[in-house]
Amino acid sequence: MPPAPTRTTVGIVGGGPAGLMLSHLLARDGIESVVVDLRTRHEIEETHRAGILEQDSIRLLVDTGVSDRVLTDGYRHEGIELAFGGAGHRIDFEGLVDASVQLYPQTDVFIDLANARERDGGDVRFGVTDVSVVDVTGDSPGLLFTDAGGVAHEVRCDYLVGSDGSRSICRQAFPEAQRRQYFREYPFAWFGILCEAPPSAPELIYNHSDRGFALISQRTDTLQRMYFQCAVDEDVDAWSDDRIWEELQSRVGANGYTLKEGPITSKTVLPFRSFVQEPMRHGNLLLAGDAAHTVPPTGAKGLNLALADVRVLAEELERAITKDDGALLDDYTTRALGRVWKAQHFSYWMTTMLHLAPDASPFDVRRQIGELSMVVSSTAGSTYLAEAYTGWPVP
Ligand code: PHB
């Protein structure tokens, strides 16, 4: 027997940070939502992602009552090191643009959001199966799923939101003739590790070297996150702890740094690509975060973009629902995409400036050094980096 449909105002596919933040912001405006996710809460908590929050992302979490932990447990970073040509060069965010970022992992942002939704009585279903969306251009689009207990559900809504990540099923509900997809592949990936060691530096080091890029990031006083550029099809099992440390030390050693080593507790290869789908709305279905756009991880823009999307989307949905006028959502794509394409450029620029392409000639490597020297020696160059890294204001 098909289930008897229930109703909510906004159906949200995807319970990562974007979906949960949207549900939270809507609830503050008195708007009901139901969030579903194929993954269990535990699976999402175990997925390591980037750890840098722009100043507006921090404000959104604090000011809307999601997290104080982001300030107490996170670490304020007032700059980064760009390391190349034998030395490190600091980009001073505070001095250049009067702004800073917070080192606070995405997994903690997710935990804070999931706790806040639970505290406020939000309807969030993790570990569901068979999710689909139907009638997305009709007045009453539907969200179908089977819950973790095996019970089938049909939820009818006013609006549906796909915040279901880079393999979005919602994106597929846009007719091909009415969507444009923009891709860029990169001929490398990142090998990411977590290790039990003290921090090797007080701030992040973005390290260019003849052996390829490395990023030295942190998590806590005893846990560190580091990455090095690797092949797209790199085999994790081919990398012992010793081999990883040798590779990382040699890349940063070229610029005068030495890393504090410790047991490696996680090893993963991260995919690298740029993607945008336009528009971000089709009928009563709207996309947010990775479902609509993916950036390479250099510069840590992914989570920040997702939070910026849902901040705009919550505002637009609130207006459309209160005034009962779906046409008010016409602005959403334009407002969100302005920031998305700036971040696409920034992530692409940081990536191509710092990574070694497999077919790079000595000319290409020297040119990169020229570019990096220009960035660190010019106030205009370093101000652009500082402004983009700490985040543009939400329009
Ligand atoms: C991280 O800490 O995971 C991280 C930080 C900065 C990036 C990317 C990843 O650009």
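Buried area is the accessible area, taken with a 1.4 Å probe, that two parts lose on being put together, summed over both. The model on screen is predicted: local features need pLDDT of at least 70, side-chain atom pairs count only at pLDDT 80 or more, and totals for chains, interfaces and linings use all residues. Residues are numbered from 1 along each chain as its sequence is written, and side-chain values use heavy atoms, with hydrogens and water left out.

**Stop 1: the two domains**

Colour residues 6-76, 101-182 and 274-349 as domain 1, then 185-272 and 359-390 as domain 2; these bounds come from an automatic or database domain assignment. Their centres, taken over C-alpha atoms, lie 29 Å apart. Between them, domain 1 and domain 2 bury about 1,900 Å², with 63% of that on carbon and sulfur atoms.

**Stop 2: the domain 1 side of the interface**

Select L103, P297 and W349, which supply 28% of the area that domain 1 buries against domain 2, more than any other three residues. Seven residue pairs are in polar contact between the domains, both residues at pLDDT 80 or more. A polar contact is a pair of N or O atoms within 3.5 Å; within protein, one must be able to donate a hydrogen and the other to accept it, and residues adjacent in sequence count only if both atoms are side-chain atoms. Zero salt bridges are found across this interface (a side-chain nitrogen of Lys or Arg within 4 Å of a carboxyl oxygen of Asp or Glu).

Next, show β8 and α9 (332-354), the elements that give two or more residues to the side of domain 1 that touches domain 2. Helices (H or I, at least four residues) and strands (E, at least two) are DSSP runs, numbered from the N terminus. α9 gives the most, with four residues.

**Stop 3: L103**

Zoom to L103 in strand β8 (residues 101-103). Is L103 buried or exposed? L103 counts as buried because its relative accessibility is 2%, where buried means under 20% relative accessible area (1.4 Å probe, protein chains only). Beyond its neighbours within four places in sequence, L103 is in contact (heavy atoms within 4.5 Å) with residues including I52, Y75, L204 and R219.

**Stop 4: H293**

Move to H293 in strand β23 (residues 293-294). H293 is buried, with a relative accessible area of 2%. Display the side chains of H293 and D309, which are joined by a polar contact of 2.7 Å. Leaving aside neighbours within four places in sequence, H293 also touches F275, V276, M280, L305, V340 and Q344.

How values were computed: Buried < 20%, exposed > 50% of the residue type's maximum accessible area, 1.4 Å probe, protein only.
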